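Here is a short briefing on one protein chain. Please look at the structure first, then read the points below.

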Amino acid sequence: MFLANAWQDYEVLEENEEGTLIKYLADDPTTLPYYQPYGVYGDRLAWPLMSPSPINKNAIIREFSDSIPDSRKSPALGYCFNIEEVSTEYSAVTAVIQQYIPSVNCGTLNPETNLAEFREALKAAGIDTVIEENQKQLDEWAANK
């Protein structure tokens, strides 16, 4: 026997011109199909809201975002660095960062000695070449914008 609601994973609590408010029908929403807690697909402000959020939360967020003046937005918005010309250096720099960052983030390194080591390792890996290429591409992108 087929149950009409067998695949329903949420219940609509309220729906109006301000949005849609839902409640997941599981104690652990991560077990539901298509659960997406971080909003990385599409316009997150078009998604339904989960209870107990106010139904107009998306409108509040959109209004706040729209109120940010263009002068506060990065002029590099839309730029994307292409690593093709420096892929070897980029990989080496990434490896150095992965080696040091956990200790830096946790505060287990002595900054007076280990940050100098970190900088030296980045230089040896080719970070200056990566920065130079990135700046070149950014300058070209800005000139053609």
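In this predicted model, helix α2 meets helix α3 through Glu-89, Ala-92, Val-93, Val-96, Ile-97, Tyr-100, Ile-101 and Val-104 on the α2 side. The α3 side supplies Asn-114, Leu-115, Glu-117, Phe-118, Ala-121, Leu-122 and Ala-125. By class, the residues of this contact are 12 nonpolar, 1 polar and 2 charged.

**Helix packing**
- Helix α2 spans residues 87-106, and helix α3 spans residues 111-125.
- The two axes lie 8 Å apart, at an angle of about 165 degrees.
- Angles over 145 degrees count as roughly antiparallel, so α2 is roughly antiparallel to α3.
- The crossing of α2 with α3 is right-handed.

**Sheet**
- An open sheet is built from 3 strands, ordered β1-β2-β3, with mixed pairing.
- β1 (10-16) and β3 (49-50) are the edge strands, and each pairs on one side only.
- β1 and β2 (residues 19-24) run antiparallel and are joined by 6 bridges.
- Leu-21 in β2 has Glu-14 standing opposite.

**Confidence**
- Mean pLDDT for the protein chain is 87. A pLDDT of 70 or more is reached by 90% of its residues.
- Helix α4 (residues 127-143) has the highest mean pLDDT among the elements, at 98. β3 has the lowest, at 82.
- Over residues 1-5, pLDDT stays under 50. The model has 1 contact beyond four places in sequence for residues 1-5.
- Where pLDDT is low, predicted coordinates should not be read in detail.

Technical notes: Residues numbered from 1 in each chain as written. Predicted model: local features only at pLDDT ≥ 70, side-chain atom pairs only at ≥ 80, totals over all residues. Heavy atoms only, no water. Pairing = 2+ DSSP bridges. Helix = DSSP H or I, 4+ residues; strand = E, 2+ residues; numbered from the N terminus. pLDDT = per-residue confidence, 0-100. Contact = heavy atoms within 4.5 Å. Axes fitted to C-alpha atoms, helices over the stretch in contact; angles between N-to-C directions. Parallel < 35°, antiparallel > 145°, perpendicular 65-115°, else oblique. Left-handed = near helix turned anticlockwise from the far one by under 90°. Nonpolar A, V, L, I, M, F, W, Y, C, P; charged D, E, K, R; others polar.
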